[in-house]
Amino acid sequence: NEYKSYLSLLLCQLCMFKLRRATLVRKLLSLQELTNNTEDSNAQAIAKIFLKDITDTEVLNTLLKVIKEGAGGTTCVLVNHPNYHLTVCKLWRWPLYQTMPSLKRAPVCNRDCQGNCINPYHYFITMAVQESKMCYRKKSSQREEVSDSGICVDILSETYNSDSPPSDDSESGWCDIAYWEHNQRVGSLHKVTDRTVTVANVCAENGIALSKLRTSPNNYLSHDYDVTPRVRRHVGSGVLFSLENDGIWIYNRSEISVFIQSPTISTVLKVLPGYTVNCYNLQHHVNIPPHARNVRASFEKGWGSGYKRQYITDTPCWLELLLRFR
């Protein structure tokens, strides 16, 4: 009787396991179909084969959770297969790519993962950069942005830049970040001491939460009054800036494009959602004058040559990184 009871319990647990696993697989397949936005039977077949290899229900449950969370989630999903992340990214994030482009793991991913994390939102498509033929203007109050010969940077303009220049005190962080709406700075300078910092509508304590910044209604009177609040709402999970060995990388975690400018990029560069780029190449750092060590990023709206807005101060929401390191 005890053996029969034990066997009955074992069979019951097995049935519950199979039922739970089948439910998770069905939900993941449903999400894959929504991501693909087409009735691609081939993609569904690949997804079924892939999910069949994952027997751990906790892994399936966590994978389902992070896909639902999207770019805002930070949870790692670990498996014992180093290349599984390529399949997950292809099926649940970038289904339109026949061959996956070069991917870069974001620093939000735990270092101990060693490439075994299959959270698709921990990977970003790497963009190539055309390096700038750098030219610099002296400090002035004129609005100087992009020229045909490269980036002309006026970093410490009295009118259009942050109130205080960066110092070389390494203890005070590697950069300061200012948030702007058109030509009005909103909030105080944010000192960055960690190697990564997030700017989003809602984020952790060490980041910049735009939802907490109060904007004066006067900021909207002389501009399109409805554009700035709309763009600000669409920032969502925002951007992640990361100081790495070869430079400062920006990871676009939002659902809108981000436009970036720096002394090491030849023009204003459009960074699509889910993409990353080295926006400040440290290889050229020693050749850049201290007053020109600056990175600018605009949410959704570009500026300069080829855009409706001539200057970054014409864009509704933008960021300015003032670099402190030598």
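## Strand β15 and its partners

In β15, A297 is the bridge partner of I260. Strand β12 (residues 258-261) and β15 run antiparallel and are joined by four bridges; strands here are DSSP E runs of at least two residues, helices are H or I runs of at least four, and both are numbered from the N terminus. Two strands count as paired if DSSP finds at least two bridges between them. β15 also pairs with β16, again in the antiparallel sense, this time over five bridges. There, V295 stands opposite L321 in β16.

Buried means under 20% relative accessible area, exposed means over 50%, and partly exposed is in between (1.4 Å probe, protein chains only). N294, R296 and S298 point one way from β15, while V295, A297 and F299 point the other way, and all are buried.

## What sort of model this is

This is a predicted model, where local features need pLDDT of at least 70, side-chain atom pairs count only at pLDDT 80 or more, and totals for chains, interfaces and linings use all residues. Residues are numbered from 1 along each chain as its sequence is written, and side-chain values use heavy atoms, with hydrogens and water left out.

## Salt bridges

How many salt bridges are there? The count comes to six, taking a salt bridge as a side-chain nitrogen of Lys or Arg within 4 Å of a carboxyl oxygen of Asp or Glu. One of them joins R324 and D176, at 2.5 Å from N to O. R324 lies in the segment after β16 (318-323) and D176 in strand β6 (residues 175-181), so this pair ties together parts that are 148 residues apart in sequence. Both R324 and D176 are buried.

Next up is E300 with R230, where the closest N and O atoms are 3.1 Å apart. E300 sits in the loop between β15 (294-299) and β16, and R230 in helix α5 (residues 227-234), so the pair ties together parts 70 residues apart in sequence. R230 is partly exposed, with a relative accessible area of 27%. R230, E300 and K301 are linked in a network of salt bridges. Then there's E58 with R20, whose closest N and O atoms are 3.5 Å apart. That pair links distant parts of the chain, with E58 in helix α3 (residues 57-69) and R20 in helix α1 (residues 2-36), 38 residues apart. E58 counts as partly exposed at 44% relative accessibility, and R20 counts as partly exposed at 36%.

## Helix α2 and its two faces

Helix α2 (residues 41-52) has twelve residues and reaches 16 Å from its first C-alpha to its last, close to the 16 Å expected at 1.5 Å a residue; the expected span is 1.5 Å times one less than the number of residues. In α2, A43, Q44, A47, F50 and L51 are buried. They cover an arc of only 125 degrees around the axis, which puts them on the same side of α2, the arc being that of the directions from the helix axis to the C-beta atoms. The face of α2 turned away from that buried side carries the exposed residues S41, N42, I49 and K52.

## A look at S188

S188 is found in strand β7 (residues 184-192). Is S188 buried or exposed? It's exposed, with a relative accessible area of 60%. S188 and A178 are ten residues apart in sequence and 6.9 Å apart in space, C-alpha to C-alpha.
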